[in-house]
Structures are given as structure tokens and as C-alpha cells.
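Colleague: Can you put the model up? I'd like to go through the record first, then the fold.

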Amino acid sequence: MEITENTALVVVDVQKGFDDAAYWGPRNNPAADGNIASLITAWKDTGRPVVFVRHDSVSPGSPLRAGSAGNAFKDYVEARRGSGAGLELLVTKSVNSAFYGTPDLDAWLREAGITRIVLAGIQTNMCVETTARMAGNLGYDVLFALDATHTFDLTGPDGRPVTADDLARATAASLHGGGFARVVDTAALTAAART
């Protein structure tokens, strides 16, 4: 896998509010945070562009609501912001897709000549997947770092529980099978970025 110098890493919603287990319920992939940190470090160390996306929830009860402590990026993300020589952007949004945020992500990527993005963050099957689908529709070459994402158990419309692992597998199958993205892993991405 080749990672060109202008391949952008898009880090979606890695915010403290997602650590509220009482609100979100059981999660999967405990290695996600370490993998996200590794990707950011590799991109920063090699001067590649990084986009940090923050969800400013408009829901009063959300741990991600604007102005709350949970709205802040996790410490390991905040510590890496502003470092490195590559381009960096902060996008804020209140919906699932980073392409419906401020400033305009699509316009910024196109102005920078970026045609390939790597996606990581939270939640696998919500904002990260929605951003991947839109990026694919907009013509970007999308690499989806599945092991650098995590999500939470959900209850289906029939009342039956669906595990976070099953949701993540379904996301990977949908993105891959639908041609929206190539599902890849952190080790391969960081190795390619550093060669």
C-alpha cells in the first residue's frame, strides 16, 4: 500500500464524552485509542495533513454537547494537535458526516490537492462510516482504518441487541462491498506512511 505525502488522515470525534460508559453502554475494540494515537503520530512525524473533526452535539443530554467537558478531544489527541509540519484543519459539526461541518472539508481537501483520505475515530458505524460513504461518493480514495475505530452495542428496531463487534463487521462489509472504501489496518498504514 502506498501512502502519498498528501494523503490526509481524518480523525473523527475522538472526544472525552465517548468515555461515558453509563451513557453509551458496552464498546468494542479497546485497542482503538492506541491505534488512533499511532496514526496521528505517524502522520505528524512525516509531515502529512491531518484533519481533526469534533462533534458539537445540539442534544441537551449528550456527553458531546458543545461547551461540556465531554466535548473536548481526548488528551492524547489534544497533545498531538498543532505539532508537525503538515497541514492541519479543525472541522466542527453537529451531524454525522464531517463533510457537513465548518469549515467545508471537501473544499479544503480539493484546494490542498488531496484525493486520498484515511479515516479513523468514533463511532465506527455512525460518524466514521457516514464520512467514508460521503467521501467515496465525492470521488475520494478512502482507506478505512477499522482497528482505529470503535463503537457501542445497539438495540435494533425489533428490540434485539446487536453487539459493537457485529456492527463494526457490518460497517466493514458495507464499505468494502459497496465500493465506498478499502478497509485496512493501522500497522499497514503506519508502515506505509513511514517508508
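Modeller: UniProt lists residues 7-154 as "domain: Isochorismatase-like", in an unreviewed entry. Its positions are given in the numbering used here, feature names are shortened, and annotations may be inferred rather than shown by experiment. Residues are numbered from 1 along each chain as its sequence is written. This is a predicted model: local features need pLDDT of at least 70, side-chain atom pairs count only at pLDDT 80 or more, and totals for chains, interfaces and linings use all residues.

Colleague: How far apart are the end C-alpha atoms of residues 7-154?

Modeller: They lie 33 Å apart, and the span is 29% helix and 24% strand. Helices (H or I, at least four residues) and strands (E, at least two) are DSSP runs, numbered from the N terminus.

Colleague: How many helices and strands in the protein chain?

Modeller: Seven helices and eight strands.

Colleague: Which way do strand 2 and strand 3 run?

Modeller: Strand 2 (residues 50-55) and strand 3 run parallel, joined by six bridges; strands pair if DSSP finds at least two bridges between them. Arg54 has Thr92 in strand 3 as its bridge partner.

Colleague: Which side chains of strand 3 are buried?

Modeller: Leu89, Val91 and Lys93, which point to one face. Buried means under 20% relative accessible area (1.4 Å probe, protein chains only).

Colleague: Changing topic, how much of the protein chain is buried?

Modeller: Buried residues make up 50% of the 195 residues.

Key:
Heavy atoms only, no water.
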